[in-house]
There are 2 protein chains.
Amino acid sequence: MHSLSPFQPTAASLPPKGATYLQKQVQGISVNHHALNPLSFILRAATVYPDRIALLHPDVKYPVQYTFRVWAQRIQNLAYALIEAGINPGDRVAVIAPNCPMIADAHHGVLGARAIFTPINTRLTPPEVAYILEHSGAKLILVDQECTHLIRGTTIPTIVSNDTGRDDDPYEAFLASGRRFSRERGWMGLDVERDEDAGAVLNYTSGTTGKPKGVLTTLRGSYLAAVGNVVEGQMNKESTYLWILPMFHAAGWTYPWANVFACAKQVTIRSVDYNAIWRHFLHSRVTHYCAAPTVQIGIVNHPDARPLPQPVTAIIAGAAPTAQLIGQLEQQGIKPVHVYGLTQTYGPFTRCYDQDSWSSLSLEDRAKLMARQGQSFATAQEVRVVYPPRHDNDQELIDVPRDGNTVGEIVTRGNIVMKEYFRDPDATKKAFRGGYFNSGDLAVMYPDGVVAIMDRSKDLIISGGENASSLAIEQELAAHPDVLEVSVVARAHEKWGERPMAFAILHPERSSKWEGNHDAFVADLKKHARTRLPGFATPEWVEVVQELPKTSTGKILKTALRKRVAKL
Amino acid sequence: MHSLSPFQPTAASLPPKGATYLQKQVQGISVNHHALNPLSFILRAATVYPDRIALLHPDVKYPVQYTFRVWAQRIQNLAYALIEAGINPGDRVAVIAPNCPMIADAHHGVLGARAIFTPINTRLTPPEVAYILEHSGAKLILVDQECTHLIRGTTIPTIVSNDTGRDDDPYEAFLASGRRFSRERGWMGLDVERDEDAGAVLNYTSGTTGKPKGVLTTLRGSYLAAVGNVVEGQMNKESTYLWILPMFHAAGWTYPWANVFACAKQVTIRSVDYNAIWRHFLHSRVTHYCAAPTVQIGIVNHPDARPLPQPVTAIIAGAAPTAQLIGQLEQQGIKPVHVYGLTQTYGPFTRCYDQDSWSSLSLEDRAKLMARQGQSFATAQEVRVVYPPRHDNDQELIDVPRDGNTVGEIVTRGNIVMKEYFRDPDATKKAFRGGYFNSGDLAVMYPDGVVAIMDRSKDLIISGGENASSLAIEQELAAHPDVLEVSVVARAHEKWGERPMAFAILHPERSSKWEGNHDAFVADLKKHARTRLPGFATPEWVEVVQELPKTSTGKILKTALRKRVAKL
């Protein structure tokens, strides 16, 4: 589609003749133990499939593509360049960029320098970015040219990428500065991290309330989470992963490494552009992608949407997919895989596993089962739903009954739980209450051991003394044929305390039906709701909107809706 | 094919109502770190797919099949039964059995008791078995009824299995004795192993020269090797693994755990029975199996051989597959995957990875590339080929040039190298010379980083001062259309020191052609050899034989051939 033939990697990107991928032998490291580190994936991929395409960045003025051999060299260059720039083991290297080669490089190259990769959300404001740079103590910033306004006036050394892959690009010059050393020393010249529990990534949560918190992950956790994603996604060297999810979000759920472990091809696009997404689905043989339901809705409702010749796996997280979305994805030959996780768990730590018995069910019944968050991921440890603590120091965790009804909090533990909240021992201690990571998500446990989220605790609607799950209400409202997307929050009510209020976007192909007559639609939607929901959960108010406020990752911002409701 | 409908698991095999798979919370274990342990696989499989078939043992008088839910209960019963029988953490539990449910159970249940699983080759003699029992200090023996003659007179407590799965089977009674405790305590009652470097399996090498050595592996290594096998084999819950390789051999290359990690079905058969193999290929939807080339030859030349409707992956190790074998496998829709490894490396630690460019080559040329041992496995660390040490204490390892020509020794290190030779620190030290595991296999390194074995050091033929690889000679002789299988060893020669001698089995469909005229065949084979091999590598002698001496795992016993040659 894009002709990449005129593209030539910079001279510094080409490995020296006879380059090998052996690492330094560290004194005292045992023969039968190497620290789990996702950096090893690129070394192996470059050994086994040197000439396969590893990274493709096509939709820019200067498209680039790198083989594993060339990409490994660029990663090595980055590691040396960082070290030469004064980065020491454990230092934080901030990266502010949309999906592009630089942020993909950094996932590996920063680890090569034994530093901590610190991605920053490009949708934040300058003061928010300043807070993260300050809190993380970042020693260096790699920034995309479109994001430089976020760090104007910073005193931290900064390398700008123009995302061209050409010699005159400052980022390429930085890589070339590392190449000087790698020519002499190669991978053997880089110190190997001995401690697999050393920090790997420092991700800041979006901080909808209060200051963002720094989620520090480990090399071991990143390795095992990435392997888990490869196993769950059945990825291999024939796979092509399309970057729709931003890599700055929870280190792209470890897919920047998972793709390399699988020796798969990665395609980066700078923004969620549905035209580009369908172009790549149809012409780049995409087999895997991750996205929240709201983005998936945009995908299946695009005019170019059509059944795909290759099998595609859509990993869905952030919210449960509706029956309608599942049906539409399957119609295009896209297999929906519903997973659940948090930045604190390296992305997915549960998956809703299809059961054989589901195949005979109706789409709607199947969708109800698939909307549940599921069970422990391949490399995760156990997941429980426990009663909330009775007081702050309560360390005892008691499981709720497996009745699909009693609400508790999802907790988990094991290798794919974060190391800590960076520089915040109090928050870490609170999050690790009872020897488990406390997710803050309210859920029930079904008899089959499947977890289903009811809500974030703050999203629960206390209506007439009953707990109404905003998610469950949304699930039912979304089943209305004329609804494209819907969000529900609590609104104060004199008699009942709170009652649900829904914000709905009409389906573009069916909105003309209700043109100038939204009241009739509202009445119809309420009628639909009454047949499916108990009275206390039926929305008292419905507002038709053109769009819903969302985070950079496509999650609906209920805080914004609540602010709006407060003014009503 | 087999009707399993009358089969009912014993009452003790059925989990109590509301059984869960949560493990005990160990004081002081951190929230974000669980010890890698392949025992966790069965707990997760039973949670996610409780009712899928996990284990099928069909070709016996009393066929059995267990779902993951039932199998997990049996494994828990075994763990409790062992503990109640006095087994302490770190104790060795010996198992002497062909492929059957008991030895499959033991891979998991022995770890559940935090003991060390010690499988013993059923083809050994009673004195050899006695040596292993003595050396390992086994505290208990689980033995199949067909193997009791191997341990007659032992004073070690012994549990016999009649392989029936019925209440009156002593092994089932043993499991039931564990069930009493599990009813009260479940998985929560079993202590969790905190140390992932604790011993998992104690495998004894065949000891072709000298006493067998005990190869001790770790939980961490077993976990990572099993995950590596799942990734390399692209196994998943739809896979069916047929047990042709004996599980007592290097713990079945970790497949007893790999299958469970993948949530795949395992089918056990007690012996290498080609009729049964084809029956299962055709009717049990087998997708994966492991076997040495000699067994693969038996498979593809069986009268029932025909193209299979489902894709099948054949993992081949023990020797390189010939062009003819590769061609025959592919004809039946079986994809050959050539891997290489040793008991000391948990089975495979390299794989010969197909390259895109090979698809345009002739079968013969492709087979030459595929016969190489390959590159580092998914979870292995690096593989090198180094010059042999100049003296015993030489710790320096120097890589041979990557010229595909200079012979050195294969060395490796990392998580899938054994913990140690049990109770043999001297042998361990020698094996770990230079900070790597020294395989004892002689090989060359190609410019593409691919390792190719020339020979075990003792199998090399020094002919007129030249090093002739018996493997390379066999590879060429096997290309003769009338050869089914061939083995080459050194034979003393007055003038040249040594010269190759070949032992060949004629292909059954073409043996009539040479009936009563083996001399003509020998002349024809030598002529064939001269066109393909240098003079010093051309066999001086060829003997037509009906069969070749083999180990229990199908490896040709060159020691036996050498003894025969010594008498000539």
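Predicted model: local features only at pLDDT ≥ 70, side-chain atom pairs only at ≥ 80, totals over all residues.
1. **How the two chains are related.** Chain B can be laid on chain A by a rotation of 180° with 0.0 Å of shift along the axis, and the RMSD is then 0.1 Å. The two copies are thus related as by a two-fold rotation axis. If you turn the model on your screen, that axis is worth looking for.

2. **Where the chains meet.** In the interface, 60 residues of chain B touch 60 residues of chain A. Of the interface residues of chain B, 100% are also interface residues in chain A, so the copies meet through the same surface. Together the two chains bury about 4700 Å², with 49% of that area on carbon and sulfur atoms.

3. **Charged pairs across the interface.** How many salt bridges cross the interface of chain B and chain A? The rule finds 6. One salt bridge between the chains brings together the side chains of E232(B) and R44(A), at 3.0 Å from N to O. There is also a network to look at: R52(A), K237(A), E238(A) and D356(B) are joined by salt bridges that share partners.

4. Over all chains the count of salt bridges comes to 58. Among them is the pair E196(A) and R220(A), with the closest N and O atoms 2.7 Å apart. E196(A) sits in the loop between α5 and β7 of chain A, while R220(A) belongs to helix α6 (residues 219-233), so the pair ties together parts that are 24 residues apart in sequence. Both E196(A) and R220(A) are buried.

5. **A salt bridge you can find in each chain.** In chain A, E476(A) and R532(A) form a salt bridge whose closest N and O atoms are 2.7 Å apart. This pair links distant parts of the chain, 56 residues apart: E476(A) is in helix α14 (residues 470-477), and R532(A) is in the loop between α15 (518-530) and β25 (541-544). Buried or exposed, how do the partners count? E476(A) is buried, at 13% relative accessible area, whereas R532(A) is partly exposed, at 31%. Now turn to chain B, where the side chains of R532(B) and E476(B) meet in a salt bridge at 2.7 Å, N to O. R532(B) lies in the loop between α15 and β25 of chain B and E476(B) in helix α14, so this pair ties together parts 56 residues apart in sequence. Here R532(B) is partly exposed at 31% relative accessibility, and E476(B) is buried at 13%.

6. A search of the whole structure finds 0 disulfides over all chains. C290(A) is buried, at 0% relative accessibility. In chain B, the sulfur of C100(B) has its closest cysteine sulfur in C147(B), at 8.4 Å, which is again too far for a bond. C100(B) is likewise buried, with 0% relative accessible area.

7. **A covered helix in chain B.** Helix α3 of chain B covers residues 101-112 and has 12 residues. From first C-alpha to last, α3 reaches 16 Å, close to the 16 Å expected at 1.5 Å a residue. The helix is mostly covered, as 12 of its 12 residues are buried; P101(B), D105(B), H107(B) and H108(B) are among them. After α3(B) comes R114(B), whose phi is positive, near 60°.

8. **Two leucines in loops.** L190(A) is placed in the loop between α5 (170-185) and β7 (199-204) of chain A and is buried, at 5% relative accessible area. Beyond its sequence neighbours within four places, L190(A) contacts K24(A), Q76(A), A79(A), Y80(A), I83(A) and G112(A). L460(B) is found in the loop between β20 (451-456) and β21 (461-463) of chain B and is buried at 13% relative accessibility. Leaving aside neighbours within four places in sequence, contacts of L460(B) include L442(B), D455(B) and E498(B).

Conventions
Residues numbered from 1 in each chain as written. Chains lettered and ligands numbered in written order. Heavy atoms only, no water. Disulfide = S-S within 2.5 Å. Buried < 20%, exposed > 50% of the residue type's maximum accessible area, 1.4 Å probe, protein only. Least-squares fit on C-alpha atoms with pLDDT ≥ 70 in both. Contact = heavy atoms within 4.5 Å. Helix = DSSP H or I, 4+ residues; strand = E, 2+ residues; numbered from the N terminus. Expected span 1.5 Å × (residues − 1). Buried area = accessible area lost by both parts, 1.4 Å probe. Salt bridge = Lys/Arg side-chain N within 4 Å of Asp/Glu carboxyl O.
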